[in-house]
Amino acid sequence: MQTIEKTEPKLLDLKTRLAEINDIEAAASLLYWDQATYMPPGGAAARGRQLATLQQISHTKFTEAAMGQLLEDLRPYETSLPYDSDAASLIRIARQKYEQAVRVPASFMAKFSRHRTETYGAWARARPENNFAAVRPYLEETLDLSRELANFFLDYQHIADPLIDFADYGMKASFLRSLFAELREQLVPIVEAITSQTPTNDSYLHQVYPASEQLEFTLKIIEQLGYDFQRGRQDQTHHPFMINFSTGDVRITTRVYENDLSQALFSSIHEMGHALYEQGIDPELEGTPLACGTSAGVHESQSRLWENIVGRSRGFWQFFYPQLQSFFPAQLGNVSLDTFYRAINKVQRSPIRTDADEVTYNLHVMIRFDLELDMLEGKLEIRDLPEAWNERYRSDLGIVPKNDTEGVLQDVHWYTSQIGGMFQGYTLGNLMSAQFFEAALTEHSEILTEIEQGQCITLHKWLKEKIYHHGCKYTATELIRGVTGDVLRIDPFIRYIRQKYGQLYTL
Ligand code: ZN
């Protein structure tokens, strides 16, 4: 981009300002990573304040009038360039983020932020006590504030659209509602067919597996899959996440349960999928707002592709299972590959989203998405939320949560953020993962054989070139079109589920 910078000094000015903001945000991310891994508990109060200060500084710098003027001045230059050139994309994406940031007054941000902190505290107390009544007034205010937040963006079709935009820019509630309804119609009978059969025995996964060996094995797997330890590391935490400070430092975290082998194994592969995306971004985009994944859905498509489509496939374990057995000979020495493969793909009706298998997972997500729309539309009052939640679990999953702790109080999202736009990314990710993988196989049928040999080089290279390299230059919709030549569809996911689970169960 050097020649462009010479011809356009305002672009250089923009890049310099954005790079400074990026540095402040990276410093805040490092404070967050430390908080979630090694910080002693005594640091909590000060750390919260330090993070808020840095976020305030970066928000102020980003929303300065000079930034708006610069983006305005660069409009003619932007339109003179190809849409997907680095410079035009940088101006376009910076403007999109700027417009999102300036629409919401700072006083509202501060009020909502205080409210969210209080709500999170109330939820953390109410959840173990199964006390929805205690969080109800907080959630009622959250709903009011979520509507107020959406209404800073006036040109929407559905009130959820601006809230969905924060995570999955450009996805519309009306489109998602019909896509998800179609998906639900296909999934419910599959779940019924599977769960009416003899449940899979997965007790082998719940023997005692020493933590240090588990960690060592996860490191071995993710290195073999292509995670670059020169530009990353893995640490332990309560709720695993991926975080990056630059394309040269993309870290993951995992958690280990000694009585559940699948926890560390699959959360490490999941977070590694997120990390491969960030490690694969074009280094030319470093320090700009283009150097990140494009949406919650596309990000989740990568974590789920590696975790489920690759990491829970029979071919993958054909290679890795003998190695796992040599790590745990007493526990797995007499357990066959097929028995292990069935256990890690056990399908069951359960009340908890995060424990759900591939087949039932989206049903959990779509329940939350529909309830969000109903609440925002004023069709559902907070006081009726627990009953509405349980009713949907009865109709979609065929079970009723024992209590609100394993019902409406289970997920942190509504208690730490807004109501609206919090869940669709998970299902979008699952759908995209199957659609992307199908496209990869069409171009490179050798991918399946390579996976059986413990090699994922062709798949990784393809994903890097088609998806990772671009950062957030393209919206999810543009990316799907570019990679698969099609719009987002449920068919590849349903085909994947039918094929895989048709072999594991009678469908
Ligand atoms: Zn994820």
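Arg75 is partly exposed, with 34% relative accessible area (buried means under 20%, exposed over 50% and partly exposed in between, using a 1.4 Å probe and protein chains only). The model is predicted, with local features requiring pLDDT of at least 70 and side-chain atom pairs pLDDT 80 or more, while totals for chains, interfaces and linings use all residues. Residues are numbered from 1 along each chain as its sequence is written, and side-chain values use heavy atoms, leaving out hydrogens and water.

Arg75 pairs with Glu72 in a salt bridge, meaning a side-chain nitrogen of Lys or Arg within 4 Å of a carboxyl oxygen of Asp or Glu. Glu72 is also partly exposed, at 42%. By this rule the model has 33 salt bridges, including those tabulated here.

| Salt bridge | Closest N and O atoms |
|---|---|
| Glu72 and Arg75 | 2.9 Å |
| Asp411 and Arg353 | 3.1 Å |
| Glu391 and Arg394 | 2.2 Å |

Helices are DSSP runs (H or I, at least four residues) numbered from the N terminus. Asp411 is buried, at 8% relative accessibility, and Arg353 is buried at 5%.

Glu391 and Arg394 are 3 residues apart in helix H18, a separation of about one helical turn. Glu391 is partly exposed, at 36%, as is Arg394, at 40%.

Methods
Helix = DSSP H or I, 4+ residues; strand = E, 2+ residues; numbered from the N terminus.
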